[in-house]
Amino acid sequence: MQADPTQVAAYERIELALGDITREHVDAIVNAANSALRGGGGVDGAIHRAGGPEIMAECRKIGYCAPGEAVITAAGKLPARFVIHAVGPVWQGGGADEELLLASCHERALELAREHGCRTVAFPAISTGAYGYPARLAAPVALAATNDALIRLPRIEKVRFVFVDEEMRGVFEQALALLEKSA
Ligand code: AR6
């Protein structure tokens, strides 16, 4: 018998994995987008390359997403059903509401996922590449925000954080262990 997801602690619904997020077979993958939704490098570039022009056509129609917010499009040729474009903060030293904005883009992404009936969602390490957010500071914020959102959204069964390198996964593993201890 399958476990009832509403009876499982929120942090137990968080998984950490190595790989390319564009290959994830989940209901929605999250993109680390910019406010103009115009594509770019990093995970954003990989998603548009693999997903094809349909995703950018929808992004153009939407036009803008504020930092800390998220918008949703179809996923083109990707195995996922949706791409949720979340805009994290550019790291400016920590005094420009970066923590708040990083947390809120995770929460908004998960709320949007739920509104669209998603049960499984994959995230990259938002803001830790081109936007310069130190991974050791970003990991606990991203995980705590996800955990809080999962408590409020019991129908989301699984959130997978997907990393391209082992070092980043290690940083998130440490932060997840601390979150579990404090739960
Ligand atoms: N799968 C999973 N993670 C990936 C992948 C992938 N295929 N490719 C890169 N990463 P970044 P940001 C990791 O720079 O810091 C773009 O130009 C990468 O190692 O993609 O939020 C946008 O258009 C890093 O840890 O996003 C924006 O302008 C993490 O994804 C800007 O960059 C995030 O790195 C956003 O910057």
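Which element gives the largest share of the lining of the largest pocket? That would be helix H1, with four residues. Keep in mind that you're looking at a predicted model. The ligand sits in this largest pocket, and H1 turns up again around the ligand, where it gives the most residues to the shell.

**The pocket**
- The space in the largest pocket comes to about 560 Å³.
- Besides H1, two strands give two or more residues to the lining: S2 (28-33) and S6 (158-163).
- Count up the lining and you get 27 residues.
- If you want to find the centre of the pocket, look for Ala 32, Gly 42, Val 43, Ala 125 and Gly 129, the lining residues that lie nearest to it.
- Sorted by class, the lining has 14 nonpolar residues, 10 polar ones and three charged ones.

**The shell around the ligand**
- There are 22 residues around the ligand.
- Asn 34, Asp 44, Ser 127, Thr 128 and Ala 130 are the ones that come nearest.
- Helix H1 covers residues 42-51, and four of its residues belong to this shell.

**Backbone atoms by the ligand's oxygens**
- Start with Gly 41: one of its backbone N or O atoms lies 2.8 Å from an oxygen atom of the ligand.
- Ala 130 has a backbone N or O atom 2.8 Å from a ligand oxygen, and Ala 130 is also on the list of residues that come nearest the ligand.
- For Tyr 131, the distance from a polar backbone atom to an oxygen atom of the ligand is 3.0 Å.
- On its own the ligand would expose 700 Å², and the protein buries 86% of that.

- Ser 127 isn't a glycine, yet it has a positive phi of about 75°.
- You'll find Ser 127 in the loop that runs between strand S5 (120-123) and helix H4 (135-152), and this residue is among those that come nearest the ligand.
- Asp 97 isn't a glycine either, but its phi is positive too, at about 60°.
- Look for Asp 97 in the loop between strand S4 (82-87) and helix H3 (98-115).

Key:
Residues numbered from 1 in each chain as written. Predicted model: local features only at pLDDT ≥ 70, side-chain atom pairs only at ≥ 80, totals over all residues. Heavy atoms only, no water. Near = heavy atom within 4 Å. Polar contact = N/O pair within 3.5 Å; in protein donor to acceptor, adjacent residues only side chain to side chain. Areas by Shrake-Rupley, 256 points an atom, 1.4 Å probe, with all protein chains shown as cover. 1 Å grid on protein atoms, 1.4 Å probe; cavity = no way out; pocket = protein on both sides within 12 Å on 5 of 7 lines; lining within 4 Å. Sits in = over half its atoms within 2 Å of the grid points. Points joined across faces, edges and corners; volume = space filled by probe spheres on them. Nonpolar A, V, L, I, M, F, W, Y, C, P; charged D, E, K, R; others polar.
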